[in-house]
Amino acid sequence: MINRVNPHLVDLTTVARSKAASMNKSKQKLVGLGILLLMLAGYTLLPPELQQLIQLQPDDATTSQNNSDGQRLNGQEGKSQQLDTNSKQQEAAKSAQTEPTVRSPTNADIENTAGSRAAKEFGQNTPATDDESRQKIGSSQRSPTAASKNSSGSDQPRGPPSNQGQRSQSSDNNRQSPDQTGTLVHGLLQEISKDQYLSPAGLIYGPGSAEGHRLDHLRRHVQNQPKRPGKHGVFDGGMQGALKTIDDAFRRAQKEQRTTKTIDRNRTIYTVDLGKRIGFVGGQDGGRRRNPMARRVRLVLEGKRVITAYPM
Amino acid sequence: MSPQHSIDFCPLCGGGLCGIRICGIQRDNVPEQDANASSASPHGLVVCDECDAIWLEPDLTTAHHYPDVEHAKCPVCLDALWGPNSRWANHDDLTRLQWDLAINPALDITEG
Ligand SMILES: [Zn+2]
Ligand SMILES: [Zn+2]
């Protein structure tokens, strides 16, 4: 690339050499021009489909390079119109993970980023997050009883759903054994290490409580205890319903939507209004009042670790 | 696992029963000389059955403790809070602890 040499850098001792070079250069120019004309003539003679093909190829190369650069640098979406919708969706998912503050995040995005962040803390893969893919994984990999469906029973404001106890018992008798690697416990929870389960919203359920595990403690709140003194909050939808509601409550709490928050040392206690029925009030007090519906959740956390959660 | 006898509802989490536990019960079966090696004889705790908050006296206005989230220990003897060395106090345990007057009988849960 002699013609790109900065002329200011050429000193007198190289003048002769540059003259010869410039003669050589004009010869090369002529030859180059000839070749260019030949190519142009050949191109005009080509059928239009082939012409289009020749035009597109360099653009495609640039686009894919731009995309990979963009993703590597800051997750920017590619601008090419030629990308198919699938790759656009993939890109959108990538950018949702990499730039949550730039985009106006939907619930799914928050779920995605929170889940992936918490999973990264434990060096795990991001769990499936949107309902559809979760259901897909749930139904393909888990036992049918474990994939119990959540029915909120919102048309039933008062009292326990009629099949509530039955469903809870049949679907949630045991915390699924941790050796079921690759499956989602209760259709939602990813086992991130021994006895540690991560929810899509990033909450962690681990050992603890009188019951031995926070999930076993939570199980107390998917069935009424009519003899228990005071109120006893019961979630609709068995364990899966409870876990989904708790995740919803946590997402709302993080956005400070209809949430009251108390911090006591390393504990955070949220009371979150979910704006719809999520369970009912049981126990002796609830029974006396014909088991009114509950639409709030009290959530006691230590960091992202769930201590307890119940409807109220 | 609900407490048999409680003193009140939990002022911290709102939904739990502050039940009385007796801890150090395994000392009962330990020979005299071994029991002397440990300072902790059976002792009472008030524990919330929802949030695990602990009080060392049957008085919820005193300072509360939060045990380790996964490995909860008795603040007195450092044994496992939910281990074989402790249980929800029955009526005899209450008498032994001399905490029988502290309970609210309306909050009793009789098993079965
Ligand atoms: Zn409590
Ligand atoms: Zn103790």
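Helices (H or I, at least four residues) and strands (E, at least two) are DSSP runs, numbered from the N terminus. The views below show a predicted model, in which local features need pLDDT of at least 70 and side-chain atom pairs count only at pLDDT 80 or more, while totals for chains, interfaces and linings use all residues. Residues are numbered from 1 along each chain as its sequence is written, chains are lettered from A and ligands numbered from 1 in the order in which they are written, and side-chain values use heavy atoms, with hydrogens and water left out.

**View 1**
A cavity is a set of points on a 1 Å grid over the protein atoms alone where a 1.4 Å probe fits but cannot get out, and its lining residues have an atom within 4 Å of a point. Grid points are joined across faces, edges and corners, and a volume is the space filled by probe spheres set on the points. Searching the whole structure gives one cavity of 30 Å³ or more. The volume of the largest cavity is about 30 Å³. Its lining consists of A:Arg214, A:His217, A:Leu218, A:Val306, A:Ile307, A:Thr308 and A:Ala309. Two elements of chain A, helix H7 (214-219) and strand E11 (305-311), each give two or more residues to this lining. Which element gives the largest share of the lining? That element is E11(A), with four residues. By class the lining has four nonpolar, two polar and one charged residues; Ala, Val, Leu, Ile, Met, Phe, Trp, Tyr, Cys and Pro count as nonpolar, Asp, Glu, Lys and Arg as charged, and the others, Gly among them, as polar.

A:Thr245 is part of helix H8 (residues 238-254) of chain A. Its relative accessibility is 9%, so A:Thr245 counts as buried (buried means under 20% relative accessible area, exposed over 50%, partly exposed in between, with a 1.4 Å probe and protein chains only). Leaving aside residues up to four places away in sequence, A:Thr245 touches A:Phe235, A:Leu274, A:Ile278 and A:Val297. A contact means heavy atoms within 4.5 Å.

**View 1. A:Ile192 in a strand of chain A.**
Strand E2 (residues 189-193) of chain A holds A:Ile192. A:Ile192 has a relative accessible area of 5% and is buried.

**View 2. Chain B as a whole.**
Chain B contains two helices and six strands. Read from the N terminus on, its elements run β-β-α-β-β-β-β-α. Chain B has 112 residues, of which 49% count as buried. Among its contacts between residues at least 6 apart in sequence, 63% join residues at least 24 apart.

Donors are N, O and S atoms within 2.8 Å of the metal (3.2 Å for Na, K and Ca); water is not among the atoms, so sites may look incomplete. Four donors count as tetrahedral if all angles lie between 85 and 135 degrees. B:Cys13 lies in the loop between strand E1 (6-9) and strand E2 (17-23) of chain B and B:Cys48 in strand E3 (residues 43-48) of chain B, so the pair ties together parts 35 residues apart in sequence. B:Cys13 counts as buried at 1% relative accessibility, and B:Cys48 is buried at 0%.

**View 3. The site of the zinc ion (ligand 2).**
The zinc ion (ligand 2) is coordinated at 2.1 to 2.3 Å by B:Cys23 (SG), B:His43 (NE2), B:Cys74 (SG) and B:Cys77 (SG). This site is tetrahedral, with angles of 101 to 118° among its four donor atoms. The sequence spacing of its donor residues is C-x19-H-x30-C-x2-C. B:Cys23 in strand E2 of chain B and B:Cys74 in the loop between strand E5 (64-65) and strand E6 (86-88) of chain B are 51 residues apart, and the pair links distant parts of the chain. B:Cys23 and B:Cys74 are both buried.

**View 4. Two loop residues of chain B with positive phi.**
B:Asp52 is not a glycine, yet has a positive phi of about 70°. B:Asp52 sits in the loop between E3 and strand E4 (54-55) of chain B. Is B:Asp52 buried or exposed? With a relative accessible area of 2%, B:Asp52 is buried. B:Leu78, also a residue other than glycine, has a positive phi near 65°. B:Leu78 is in the loop between E5 and E6 of chain B and counts as exposed at 56% relative accessibility.

Key. 1 Å grid on protein atoms, 1.4 Å probe; cavity = no way out; pocket = protein on both sides within 12 Å on 5 of 7 lines; lining within 4 Å. Tetrahedral: all angles 85-135°; square planar, octahedral: opposite > 155°, others 65-115°.
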